[in-house]
Amino acid sequence: MSLVVYNTATRSKERFAPLDPAHVRLYVCGPTVYDQPHIGNARPVVVFDLLARLLRRLYPRVTYVRNITDVEDKINARAKERGISIDEVTEPVIEEMHADFAALNALPPDVEPRATRHIAEMIAIIETLIANGNAYEAEGHVLFNVPTMASYGDFARVSQDELQAGARIEVAPYKKNPMDFVLWKPSDADQPGWDSPWGWGRPGWHIECSAMSKAHLGETFDIHGGGLDLIFPHHQNEVAQSECAHHAPMAKYWMHNGWLMVEGEKMSKSLGNFIVLHDLLSEFPGEAIRLALLSAHYRQPLDFTRESLRQAKATLDRWYRAADDAEPAGDLPDGLMAALQDDLNVPAALPSLHALADKALAGDKAAASSLRAAGDLLGVLQQPAASWFQGGDGDASEIEDAIARRIAARKAKEFAEADRIRDELAASGIILEDGPQGTTWRRAN
């Protein structure tokens with residue numbers, strides 16, 4: 001079966017035919033690192049990590065690029081507010097982001113370019129756009145001249161007439177047309193900036209991804225991904241910049257994940273349902289968060305609830321009991337691969353894992369190995385079963401000490417003390433299991 005993906009550019013499902021079957025190239029818009037990552041940032045990270053895992057199973061070489069936007073007006077404002085540099089704002093956020101995404105079992109991208117390290121490439125594209133007649137300089141700004149691209153808006157399914165009518169009443173006086181967007185802007189003394197042919201300034205947001213994707217994947221690559229909210233204006237403007245500069249399509253396929261809601265409402269600090277990923281990871285295992293994020297088809301809206309997290313945790317508990325300490329091996333179920341190759345249909349793939357778990361729990365060791373292999377593809381079942389049930393908490397040594405005291409009490413026939421230790425652990429959610437090989441423990445569900 002061939003891989004089929006939904007291509008936003010054509011609004012249809014298409015058979016995936018890479019430009020070079022020996023080397024698939026994928027670019028995904030990463031976060032703007034001005035504040036702690038939230039659960040909304042996590043959904044595209046998990047979705048496109050799964051896509052990269054699947055592509056690597058199907059093709060001999062995959063280059064996955066996910067950028068970091070480390071210069072942008074929100075970052076600049078945060079730096080000015082705190083009286084620090086933009087690097088001092090972004091570096092701690094990037095460090096936390098890497099740790100949080102790793103906790104979701106998201107593999108690092110092959111390349112993680114930062115906008116501030118690709119200024120020269122941005123300037124080069126802007127110069128080309130000016131030379132081609134698609135951009136102009138005005139009062140230290142450089143703007144893309146939208147009317148020079150007759151097809152502008154086609155990608156996002158918006159017409160230039162609609163955009164013209166919807167333009168704000170107050171338009172910057174240096175713009176030739178209200179739809180024109182900034183490629184380069186001047187910087188004040190207290191704003192980050194770089195030397196350019198148009199003076200001291202900084203890039204607009206949209207030009208950053210055009211430059212970084214070209215630098216690492218070429219003028220045209222296979223798949224461009226991101227959230228549904230990026231289709232307009234960000235991805236539309238990327239298409240405009242890249243196609244007018246290079247006279248070639250930017251990407252052959254465009255894939256977008258759907259909206260994420262929280263407890264039935266749009267996530268918002270004002271509603272009190274804004275979830276910082278680091279905080280959520282202190283409540284639930286990263287694998288449970290990952291499975292919950294994959295529980296709906298990636299193109300559909302996802303209502304992220306604590307009940308969905310509890311269900312994902314319960315599912316993983318069962319799968320870990322079934323897989324136990326089996327090594328990943330064997331063929332993956334046809335149903336699993338067929339579902340994933342049908343536009344990453346994870347909900348249709350999950351019954352295959354449940355069926356493997358049923359067989360493994362009935363004593364089928366081959367099924368346990370296949371379950372582990374299926375988990376590898378989905379990015380779950382990535383630790384020993386004992387570690388999963390023990391929760392990986394830092395108090396494991398204290399629990400082991402309590403177990404040692406209980407064993408000593410039993411040997412001394414101090415059974416009341418042994419029972420007291422067991423009951424104390426049980427009250428803390430620690431379940432002891434005595435067997436021929438000794439005493440093991442796990443956390444209660």
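**View 1. Strands β11 and β12 in the predicted model.** In this predicted model, strand β11, covering residues 260-262, runs antiparallel to β12 and is joined to it by two bridges. Within this pairing, Met261 has Lys266 of β12 as its bridge partner. The strands belong to an open sheet of three strands, arranged in the order β12-β11-β13 with mixed pairing. Strands β12 (265-266) and β13 (302-304) form the edges; each has a single partner strand, so one side of each has no neighbour in the sheet.

**View 2. The largest nonpolar core.** This core comprises 81 residues, and Ile39, Leu55, Phe304 and Trp319 have the most contacts inside it. The greatest contribution comes from helix α1 (residues 39-58), which supplies 11 residues. Apart from this core lies another, of 44 residues, which includes Ala79, Leu163, Phe181 and Trp254.

**View 3. The surroundings of Trp319.** When neighbours within four places in sequence are left aside, Trp319 is in contact with Leu291, Leu350, Leu353, His354, Ala357, Leu371, Val380 and Leu381. Trp319 is also one of the residues with the most contacts inside the largest nonpolar core.

**View 4. Cysteines without disulfides.** A search of the whole structure finds zero disulfides. For Cys29, the closest cysteine sulfur is that of Cys209, at 3.7 Å, which is too far for a bond, because a disulfide requires sulfur atoms within 2.5 Å. Cys244 is likewise in no disulfide, and the nearest cysteine sulfur, again in Cys209, is 17 Å away. Cys29 is buried, with a relative accessible area of 11%; Cys244 is buried too, with a value of 9%.

Technical notes: Residues are numbered from 1 along each chain as its sequence is written. This is a predicted model: local features need pLDDT of at least 70, side-chain atom pairs count only at pLDDT 80 or more; totals for chains, interfaces and linings use all residues. Side-chain values use heavy atoms; hydrogens and water are left out. Buried means under 20% relative accessible area, exposed over 50%, partly exposed in between (1.4 Å probe, protein chains only). Two strands pair if DSSP finds at least two bridges between them. Helices (H or I, at least four residues) and strands (E, at least two) are DSSP runs, numbered from the N terminus. A nonpolar core is a set of buried Ala, Val, Leu, Ile, Met, Phe, Trp, Tyr and Cys residues joined through side-chain atoms within 4.5 Å. Contact means heavy atoms within 4.5 Å.
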